[in-house]
Amino acid sequence: MTKNLLIVESPAKAKTIEKILGSDFKVKSCFGHIRDLEKGNKAIDVENQYIPKYIIPDEKKKVVNELKKEIKDTEAVWLATDEDREGEAISWHLCEVFDLDIAQTKRIVFHEITAPAIKKAVQNPRNLDMDLVNAQQARRVLDRLVGFELSPILWRKVSRSQALSAGRVQSVAVRVVVEREKEIKAFQPEPYYKVVALFDLKDEDGNPVQMKGELAKRFELETDAVQFLNDCTPAQFNIASLETKPAKKSPRPPFTTSTLQQEASIKLGFSVSRTMRVAQKLYEAGKITYMRTDSVNLSDTARTAALNEIQSRYGDTYTHPRKFKTKAKDAQEAHEAIRPTYFNEDSAGADNDEQRLYKLIWQRAVASQMSDAQLERTTAKINISTRTEQLVSKGEVLVFPGYLKVYNDTSKEEDSSGILPPLNIGQVLSLINLTATERFTRPQARFTEAGLVKKLEELGIGRPSTYAPTIATIQKRGYVVIEKREGTDRNYNVYTLANGQVSKVVQTEKTGASGRRLFPTDMGMLVNDFLVENFQEILNYSFTAKIEEDFDKIAQGNLQWNAMIDEFYKPFKVEVVRVMEEAERVTGERFLGVDPVSGKKVFARLGRFGPMVQIGETNTNTGENGKKLTAKELKELKKNEKEEDKPKFSKIRKPYSLDTITLEEAMELFKLPRTLGELEGKVVKASEGRFGPYVQHGSLFASIKKDSELDPLTITYEEALVLIAQKKADDARKMIKVFEEDEDLTIREGRWGAYIKYKKENVKIPKEKKEREVAAQMTYEECKKLVDAHLETKGKGKGKKKAAPKKATKKAAKKETTKK
């Protein structure tokens, strides 16, 4: 019998801890949560204090059975799941499933997976903290209630075909992105002129150098900028004053979850989910402390270790002990910032992502205990003999690097100042040129993932454990996408004074160009507008932040979780009923104008498969007398409709959107499908469908991939032939077997193994026959039997079934052929 069984969430964590504890402990993993809320709307008993109903998912039953055997053969069970609310809830579920006595079961927590931390935790076990469990349970229950009440409204009022959903935090995150997008689209750039002078000087060694001087004032009018340059034509420029001041830069605190996500995005190009995935690996390997925290504090032991390492590497002058105070009003249970477990290790192993993120964490934590960087800043003011304004030139010298020796957190803008050449008051400067460049005011930038995390944190929405899943969810739902946008060309003026003459040049720049940023989709915009209009409180930033504060109060034992849910749910349910009954259906319809060819009206609106444009009006569901038509009558009306009277539809393609597309842009979309030519007696077309752009040759469809530069509006016949050839080759490779008895019946290779294709139906093959070689041996009768069963099952659901494959004759059964 095992003396001690210690349960953690992950195999990697189990492996690391087992090495530390030795033979007295057996460490097993539960692979995260072993229970989840029951699917459907009966998971929460709203009539009985919102008691949740949990089940063990099928994929967890094997793990549960294995742990049951282990627990049966052990003397004592220890729970060592993560130290936050989620980890506490996992431990509670383990107690519930395995009938462990909460009062007797030993619970241990630690901030780092090191021998001293683990052994100290084992020496100081505690009981399960039900306040933390209740805080997590309250979040889970509330989010389920919101999702299950709002989602059916979206299906009814926005789109029945796209399985829309809403979430308490996710919907607010979408609102943040949508509102920023609306601000950008509503923004009207205003031109102004920035004046910069370039002077020719000598450095200390007599070598020629150049110095810039900027006019602090900017001109709103082009005429004023040109007049300034004309006035400066005969001017003399000289140094009016020189001011040199010492300055310093102090290091930032060690990382919290959100600042790590932001910095990893800026410096490493990591997405939020990638950062957390790599950080999780580093934590489980014992390299860093727990990665979900909003504390910037370092323990005394950690500070001492950092100072010793700094002294060893750089000397006493680089050490500066610091204690940072956490600004977050309700910092969660983790008491330390993210830091290395051992400061004398600046490497994390072979994995490139792990090494890069570890280095960033190590540098930031070490730098936080280092001296300030000492600077010397010089400002030179330059007189213009013909004007009252002054030009300003700034320079900066690094006197002592301090923490910058380890970690450079200087932005490109801050880093732009160089060293000024030797200057004297009254010194006359030789002008190379003076330029007045037209610039335009700019709106706030769209959010990156890390920028959205920062904004949510500022608003008090979400907590360290929720940022990454929230951002992943709103992208998965199709409400937000990460994209690059090329922008459009814009002309701007550059006036230059050189050699006593003012000249003008018109140059071109890109405006609206964007790197990888978060853009709301058309569906995201429509859903957001509907929810904001009808559920103002739920989508209110302050209200969402208050809910987070309530969860914190529950975790501290200052609020009953059931009471908190009840206070929220009852008025919310009243609103749900009202909106379902009274709210109008959302179409996002915009009248764009009239088709110049047919004279019919053109609309942009939300269709069954997403945003689209439409020429002509759709039949309404009312007759001439205003009486509502039955489904049969409406169907008959559409059946008798003349072909030329039927509306035409086209999907709205990128870069167009539902709220900005113009009539001219809409008419371009109706050029699809395009006929490119003929191949083997069949027409080759380019078009776009529900699943994206494609090329068609007879019954063969070849997709135009998203990352391809090809476009259905511009693709050539030759380019289409390449795609068709690739598709044919791919289909031939995937074809396992064709039956002579019925050529519609084939066996093919798919992503999950072999399957049967019968006309438009995909039919599963038993698991033991999914291997290509085994599937190739299947007979026609075996396949036909599977198809019959599939069609019968499908027919029961729809009241109608397709014709099954015909029976094979004895003669035909002998003629099975195999294609490789």
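Biologist: What percentage of the 820 residues in the protein do buried residues make up?

Modeller: This is a predicted model, and in it buried residues account for 45% of the 820 residues.

Biologist: How many helices and strands does the protein have?

Modeller: There are 22 helices and 30 strands. Along the principal axes, the C-alpha atoms fill a box of roughly 110 × 85 × 60 Å.

Biologist: Among contacts between residues at least 6 apart in sequence, what percentage join residues at least 24 apart?

Modeller: That share is 69%.

Biologist: Let us turn to helix packing. At what angle do the axes of α5 and α15 cross?

Modeller: The axes of α5, residues 130–157, and α15, residues 541–555, cross at roughly 150 degrees and come within 7 Å of each other. Angles over 145 degrees count as roughly antiparallel, so α5 is roughly antiparallel to α15.

Biologist: Which residues meet there?

Modeller: From α5, the residues are Asp131, Leu132, Asn134, Ala135, Ala138, Arg139 and Leu142. They meet Ile547, Glu548, Phe551, Ile554 and Ala555 of α15.

Biologist: How do the residues of that contact divide into nonpolar, polar and charged?

Modeller: Eight are nonpolar, one is polar and three are charged.

Biologist: Now Glu263. Where is its place, and is Glu263 buried or exposed?

Modeller: Glu263 belongs to helix α8, which spans residues 257–268. Its relative accessible area is 6%; the cut-off for buried is under 20%, so Glu263 counts as buried.

Biologist: With which side chain does the side chain of Glu263 make a polar contact?

Modeller: The partner is the side chain of Tyr407, at 2.5 Å. Not counting residues up to four places away in sequence, Glu263 touches Arg252, Phe255, Leu268, Leu360, Arg364 and Tyr407.

Biologist: One further residue, Ile715. Where does Ile715 lie?

Modeller: Ile715 is in the loop between β26 (700–703) and α19 (717–734). Although a loop residue, Ile715 is buried, with a relative accessible area of 1%.

Biologist: What is Ile715 in contact with, leaving aside neighbours within four places in sequence?

Modeller: The contacts of Ile715 are Arg674, Leu676, Ala686, Val695, Ile704, Leu710, Ala720 and Leu723.

Biologist: And what separates the C-alpha atoms of Ile715 and Glu773?

Modeller: Those two C-alpha atoms are separated by 39 Å, and the residues are 58 apart along the chain.

Conventions. Residues numbered from 1 in each chain as written. Predicted model: local features only at pLDDT ≥ 70, side-chain atom pairs only at ≥ 80, totals over all residues. Heavy atoms only, no water. Axes fitted to C-alpha atoms, helices over the stretch in contact; angles between N-to-C directions. Helix = DSSP H or I, 4+ residues; strand = E, 2+ residues; numbered from the N terminus. Parallel < 35°, antiparallel > 145°, perpendicular 65-115°, else oblique. Contact = heavy atoms within 4.5 Å. Nonpolar A, V, L, I, M, F, W, Y, C, P; charged D, E, K, R; others polar. Buried < 20%, exposed > 50% of the residue type's maximum accessible area, 1.4 Å probe, protein only. Polar contact = N/O pair within 3.5 Å; in protein donor to acceptor, adjacent residues only side chain to side chain.
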